[in-house]
Amino acid sequence: MPIEISWQHSGRAERRTFDGRGPFRIGRSQNGDVVLDHPQVSRLHVEVTVDGASVRIEDKGSQNGTRIDGRSVTSATWSQGEALQIGPFTLRYGWVAAQVELSRVEPAPAPRAERRTPADEPDNAAAGGGRAQFPGALFEGRTVAMAAIKASGKLAAEIEYLAIGGGCGSFCWVDHLRIYGVSASAIRVLGVAPDKSPYAKWGRLCRVSQIPEHERIRSNSISTPDNIWGFPGYASREFVRDVVHGRMVGFKHILQVFGEPVLTESYTPRLGDVFKSFDVEAKRIGWDQMWVHGQVVSIRKTDDERFVVAYRVPNEFAPGAARADRERFMVARYLQLATGYPASNFLPDLQDFKRAHPDVSAVVNAYEEHDEIYRSLEQKGGTVLIRGRGIVASRVLQRIFEARIKNPNIRVLHLNRSAVTEGAKYDLARRPVRADVQQQPFNWPKACWGGTLRKLLEDSAPEQRSELMKVWGGTTTADRDDWNVIIEQGLRDGWLKSFYGSVQSMNYQNGQVVTRLEGREKFQESVDLVADYVVDCTGLVARLDETPLLADLTRIYDLPRNKVSSGGAPESSLAGLAVTNAFEVAGMQNGRGRVWAAGVVTANGPYAAVDSFLGLQYAALRSVDQLGVLRAPGVSRFGPLRSLGQWLRWCTGRSPS
Amino acid sequence: MTPTLLGRWHTRLILFFFIGLPVTFLYAWYLSAWGLSNEYTLAWPFSEVWLRLPPVELSIFQDPFKFLFALLIVGLILDVGYIQIQRFHWDQDWPFAYQFFFSWVEFFLVFYAMDFGFLDFMFPDGRIPFSTAIWHFTWVFIPSFIGVLALIQIFLVRWRFKGGELGRHPIR
Ligand SMILES: Cc1cc2nc3c(=O)[nH]c(=O)nc-3n(C[C@H](O)[C@H](O)[C@H](O)COP(=O)(O)OP(=O)(O)OC[C@H]3O[C@@H](n4cnc5c(N)ncnc54)[C@H](O)[C@@H]3O)c2cc1C
């Protein structure tokens, strides 16, 4: 679990988060992990090593010594709550159980050599206040002078279009730009995925939340991030492939698209097919040539109607380069911000448990790596407590069902706050409920992507929007026959049982997790549920303010945020950046320079389904259309004939330009 | 599909102009020039006759256009009802199966309206026989259905995000 070290620095509270074992270096040197700039501190003063829940410090021969709670020490265990004193500074630490390690895709843990060179500085302090050093004073104000950027010697490139994030949202934007006529040389993508893959992070989240490549995702046929037209969709492609191989199941996909969702279960593509389609399109548009490895630290307006982006090249991509040489600037006229899920927190009681038992891996959030649990279940059997319902719970249940085929001694306790008695009601319709969960094919009603509900939401005032989205969204799962059967079987055969109530506490006793439920209504006694593992599927509470890049941006430019309503599902409480209907970030305009955003960072704004492939494509379409209106270089208006021409190029696998 | 009312109307009109009218033109021409004459039908298209412009029977030539026009009007009116049906769906969508089914409902509605004489003001010289009407409709329906499944979005990238409406999104 990551450790967070905090201290006071000229009246300001500073903190940095470190992942891994260390050693982490504390000292006066700018190359240290924690920089304490004071004459009483030696250049390399102390090294901190983390081993499970135990933390050791070693004084590296400092001039003025090191003390723990007043005792002079050279090599000692540093317990939680104790004050580590170095010169005038007092340091403490805590465990950052609060944050799910969604960000672990990036940057990949640096390979740690036995003897570290200056190039091996860990960058994984992503969540900490790295701003103290880079870009420093240059970025203090709202506008940065181009002359100063050039004088810094760190300016890596000046281009027209810059996509920040390098994930699926960036990909859709760049794909549109290329197809609308922009050449690859005018575009750069900043991201941290080691293999430059646009689906690195999404693919990881799928894998850990138990969607193997042959499984079908929750997305429809025309949700094609590799094809801006949505034709041919995944269903037609699968049909053609099946029929070419003489497999008659191909017709099933076509019939599904024809009858869904009323007459048949909705068609959804296989994860592996979506991955492959990304790869093919990435190659066609020259994605790899546009890619630059970099963790974006900060963004500012320039004095020539553009933007300067400060980023740090993770050390694994610039081996041998000193930290200062890996800090760079890129300047562009048009930016797109698609950084995906911001810092995400565990539920409070899970946080408490993880703090109290930092070395117990029996309690996890479904978005954390937890394959080990299923492996162990397959070998030894056991009891799993699943918390929450919804799509992720369905996947986890399916995985346990598969484990049960290898080892029938697995039981599941399914805990929810209360039973679902009836589905949400909107207009003349009611959302169906089956097996104690509301069902809808995708995470929003379909008309949110391009139909009546999209229009309604766009035309609504901000307060109404959050109310509408509260009704349309919420916790749902897909109506899949296989999942319905699993639940019915489980309940009938007795290996699955539902419980309702709010969690009062979680404790670890005799190698098992005891979840205590609060008394309810007339039944005031508390109930203990004992399980070997707890998998939390209740979702994540994402916060823009805890993501350094976005926190800095919103603070400096005082960016407006979307309104949220209280008491909905976790995602309905994420107040995204306020954007226009064309996804331009309100308040970031800099003369001709513009910033757009896409994905979950725009949650609860004018468009509901922002965190979906089709939604990312929509955001891309609208922003690139706006670029066309602005007569941005290379961007066409993309009328019918150009569209047809580009589509034919797509079909024949030729580069857009 | 997740159409809006305006989107339904736009899409219907675009299909009318770009598929309905051209197909009807060819069909009406064929019908009025050769279709009713055994001599020509058998020969066509193998003889050289098809190269010459055959004399066109104007009254017969007009009929398919009138029929198509009646279909358009009925469709535009029914669209108001379809949008109401959508409101009963949680997803507020319009499955392709419905599109298929209701297209034929529209055909039979117009055909029997004509057959029972309600449209005699449009067809003063006699009604269209069933076999002719159904062939005509089939030739219009197939490409139109393919149109909404695939063709339109190849030309108009914004169409699918606008519930079938034409044009661009306003920049605000
Ligand atoms: C398990 C799961 C399944 C899903 N299934 C579907 C589905 O079936 N259909 C569907 O339509 N949608 C699905 N989604 C939702 C959505 O489409 C994906 O999450 C998609 O990846 C979102 O794209 P994004 O660009 O917003 O974020 P991401 O793809 O996560 O990309 C953001 C990127 O930005 C990088 N980044 C962040 N901060 C910085 C920084 N400071 N500097 C540099 N880089 C940075 C991150 O490393 C990341 O690579 C799913 C989501 C999850 C979690």
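1. H3(A) contributes the most to the shell around the ligand, with four residues. Helix H2 (168-180), helix H3 (200-208), strand S16 (295-302) and helix H16 (613-629) of chain A each supply at least two residues of that shell (helices, H or I with at least four residues, and strands, E with at least two, are DSSP runs numbered from the N terminus).

2. This is a predicted model, in which local features need pLDDT of at least 70 and side-chain atom pairs count only at pLDDT 80 or more, while totals for chains, interfaces and linings use all residues. Residues are numbered from 1 along each chain as its sequence is written, chains are lettered from A and ligands numbered from 1 in the order in which they are written, and side-chain values use heavy atoms, leaving out hydrogens and water.

3. The ligand is surrounded by 28 residues (a heavy atom within 4 Å), and the closest are A:Gly169, A:Arg218, A:Ser219, A:Val296 and A:Phe613.

4. Among the polar contacts (pairs of N or O atoms within 3.5 Å), a side-chain N or O atom of A:Ser219 is 3.1 Å from a nitrogen atom of the ligand, and a polar side-chain atom of A:Trp202 lies 3.4 Å from a ligand nitrogen atom. A polar backbone atom of A:Cys168 is 3.2 Å from an oxygen atom of the ligand. Of the 970 Å² of accessible area (Shrake-Rupley method, 1.4 Å probe) that the ligand has on its own, the protein covers 91%.

Key
Polar contact = N/O pair within 3.5 Å; in protein donor to acceptor, adjacent residues only side chain to side chain.
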